Structures are given as structure tokens and as C-alpha cells.
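Colleague: I'd like to learn how to read a few features of a model. Can you take me through them one at a time?

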Amino acid sequence: MTIGIIGGSGLYCLDELVTREKRVCVTPWGEPSSPLIVGSFEASPQSDVVFLPRHGEGHQLPPHKINYRANIAALRDQQASAIYGVNVVGGINREMCPGDLVIPDQIIDYTWGREHTYSSGGELSAGAGSDSSEMPIQHVDFTYPYDQVLRDNLLQQAIALGLQVHSGGVYGATQGPRLETAAEIARMERDGCDIVGMTGMPEAALARELGIPYASLALVVNMAAGLGEEEITMAQIGSVIDSGMVKIRQLIAAVVQVG
Ligand code: HPA
């Protein structure tokens, strides 16, 4: 079983991954954010992992410029049968504070203008298939946007490692790259959002369209706009990312180990 891992801000490589190959891929939807890193974890040599840094190896892609379709299609082409997406987020729920891990169970999508579907409406012509960008219209069930088995894997391993984790939450996906206004966050709170990030969608929906089980592992790096005492700075976010990614790496390694 090949496990796909999509790294977010602060997770551009997996030190524990013994790289077999750096694979440059092209899909009918264009190129993914970077070459795919194919390998296995030191502690579990039998594991088969494909890693992709969502923002590119040097964080050169802002959230609205990421080719989400190419990213998910490239992982599908490497036979990924599960995808874990790592996201950094702001906390809206007062209990979801910087440094906390969240395994969201719902999404509200506020993004716009992104290439968000493979369902272009083209006829599936003779010879068209995984090599074609033409896919017939499909209305996938997205009632529960994240895969429950993968969410359980994350939760169980987080508990086993003694990590503080929130076992659910509504992920509000915003357009970025700017952060939100206080009024936007107040509206998102009224809508029921617990956390806010810029990269959760359309990634989750595209994985669903291709039938690949997908879950998100989110790290809270700041309180969302208007909720904290201080201005949100990149320096503050950076220091939480540095310590938080240690936990994320540990958790991912454990999840891969159990398969
Ligand atoms: N808003 C949106 N995306 C984010 C935030 C935020 O406050 N923090 C980290 N990613």
C-alpha cells in the first residue's frame, strides 16, 4: 500500500524518509508542486511513501496558485491508496490554541476561482482514461469530506504517542494569501468553523473525485484574526511551526508504520 503525504507550510521534506527516487511527473492537468519524493521510512523499511510539498520545495507557491488537480492526480498515478494532508491553520474555537493538533471532520469552503474539479463535463472519449483530462460530470458524495479510517489512524497514533489532539473540527478554507479580517472570522465562527486555513480545499474534494481516501492533520499556529491579544506575525507563526512539525513528523511516522 502506497501512502501519499502532502506537506504544508514548514513541512518541505521528511527527514525520516529514505529516498529511493525523486520523480518528476506531468499530469493532464499540468505539473505538481514539485517532484515526488518516493521512499520508505527508516523505522518501517517495508513502507511505501510518496511525499509532495504542497507549496513547492522552497515554498514558492501561494495557496491560490497551487495546482491541486495535478498534485492529487500525480499521487494517484503513483498508486497512492491513502493521502494524509498536513495543514497549518488559525484557531477559531477558543480551545484550539497554537501548538495544538486537530484532525478535522468537516469543511466549509470559502475559496473561489480555483480549479477545483476534474469534472470538466467532457465526454469520456474512446481511449480517454487516467491519461486524459476529460472526465464526465460526476457529483461525488462529500457529506463526510474526510476518510474515517484515516482519521482514526491519526487519532489512535496521536493518543499512543501522548500528543494533545482534537478529534474533530470544522475546517474553514479561505482564499488567502492574506489573513482574514476580524469580521470574516466572526462570521466563520457563527457558521460553525473551528479552524481556518487556506489549503484544505479543493484538495480534499479532488481526492474524493478520484476515489482516494484522504484525511487532514492540522497544526494550529495562531489564534485567528481578532481573537488573540496581539497582531499575527510570521515570526510567531514560524516558531510554532518549528516546534509543531516535530510532533507532526512523529505522528506521520507512526501512522505509516502501522500501515
Ligand atoms: N488564517 C488562514 N490561514 C492560516 C491562518 C489563519 O489565521 N494561520 C495559518 N494559516
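Modeller: Let's begin with His-59, which is found in the loop between β4 (44-53) and α1 (68-77). Those labels are DSSP runs numbered from the N terminus: helices are H or I with at least four residues, strands are E with at least two. The model is predicted, so local features need pLDDT of at least 70 and side-chain atom pairs pLDDT 80 or more, while totals for chains, interfaces and linings use all residues. Residues are numbered from 1 along each chain as its sequence is written, and side-chain values use heavy atoms, without hydrogens and water.

Colleague: What is phi of His-59 near?

Modeller: Most residues other than glycine have a negative phi, and most peptide bonds are trans. His-59 has a positive value, near 50 degrees.

Colleague: And which peptide bonds are cis?

Modeller: Gly-176 to Pro-177 is cis, with omega near -5 degrees, and so is Met-201 to Pro-202, with omega near 10 degrees. Pro-177 is in the loop between β9 (170-173) and α3 (182-191); Pro-202 lies in the loop between β10 and α4 (203-209).

Colleague: Which residues are around the ligand?

Modeller: Counting a residue if one of its heavy atoms lies within 4 Å, you get Val-88, Val-89, Gly-90, Leu-179, Glu-180, Val-196, Gly-197, Met-198, Val-221 and Asn-222. β5 (80-91), β10 (195-197) and β11 (214-223) each supply at least two residues of that shell, and β5 gives the most, with 3.

Colleague: How much of the ligand's accessible area does the protein cover?

Modeller: 94% of the 260 Å² that the ligand has on its own, by the Shrake-Rupley method with a 1.4 Å probe.

Colleague: Last one: how many helices and strands does the chain have?

Modeller: 5 helices and 11 strands. The radius of gyration, taken over C-alpha atoms, is 18 Å, close to the 18 Å from the globule rule for 259 residues, so the chain is as compact as a globular protein of that length. That rule is 2.2 Å times the number of residues to the power 0.38. Along its principal axes the C-alpha trace spans about 60 × 40 × 30 Å.
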